[in-house]
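Please look first at the sequence and the structure shown below, and then read on with both at hand.

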Amino acid sequence: MILDDVKELVAENLGCEIEDLTENTNLIDDLNADSLDIVELTMAIEDKFGVQIPDEDLEKVRTVSDIVKYVGK
């Protein structure tokens with residue numbers, strides 16, 4: 001399931017517990033991700049799901065759910 005894979009990547013890259021993540025978890029507000037964290041997470045997502053996330057779309061990806069919607073396209 002995409003949600004579980006995304007949660008696993010977020011937990012690995014941002015150093016949080018997978019059990020603490022919900023679809024509404026905000027990467028910046030809830031997990032204190034900085035710009036470098038977001039870039040590293042984006043690279044992991046691109047590798048795992050075989051997608052390319054342009055910089056202009058990256059600004060729109062703020063929650064776990066946003067990532068799921070993006071890679072599920």
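This is a predicted model: local features need pLDDT of at least 70, side-chain atom pairs count only at pLDDT 80 or more; totals for chains, interfaces and linings use all residues.

Residues are numbered from 1 along each chain as its sequence is written, and side-chain values use heavy atoms, with hydrogens and water left out.

Helix α2 covers residues 35–49, and because 15 residues at 1.5 Å a residue should span 21 Å, the 21 Å between its end C-alpha atoms agrees with expectation. Helices here are DSSP runs (H or I, at least four residues), numbered from the N terminus, and the expected span is 1.5 Å times one less than the number of residues.

At the N-terminal end, Asp34 caps α2, with a side-chain oxygen 3.1 Å from the backbone nitrogen of Leu36. After the helix comes Gly50, whose phi is positive, near 65°.

Ser35 lies in α2 and counts as exposed because its relative accessibility is 60%, exposed meaning over 50% and buried under 20% relative accessible area (1.4 Å probe, protein chains only). The UniProt annotation "modified residue: O-(pantetheine 4'-phosphoryl)serine", from an unreviewed entry, covers Ser35.

Among the buried residues of α2 are Ile38, Leu41 and Ile45, and the elements that cover its buried residues include those in this table.

| Helix | Residues |
|---|---|
| α1 | 2–14 |
| α3 | 55–58 |
| α4 | 64–71 |

Ile38, Leu41, Thr42 and Ile45 are also among the residues that line the largest cavity, and α2 gives the largest share of that lining, four residues.

How values were computed: Helices (H or I, at least four residues) and strands (E, at least two) are DSSP runs, numbered from the N terminus. Contact means heavy atoms within 4.5 Å. A polar contact is a pair of N or O atoms within 3.5 Å; within protein, one must be able to donate a hydrogen and the other to accept it, and residues adjacent in sequence count only if both atoms are side-chain atoms. UniProt positions are given in the numbering used here, feature names are shortened, and annotations may be inferred rather than shown by experiment. On a 1 Å grid over the protein atoms alone, a cavity is a set of points where a 1.4 Å probe fits but cannot get out, and a pocket is an open set with protein on both sides within 12 Å along at least five of seven lines; lining residues have an atom within 4 Å of a point.
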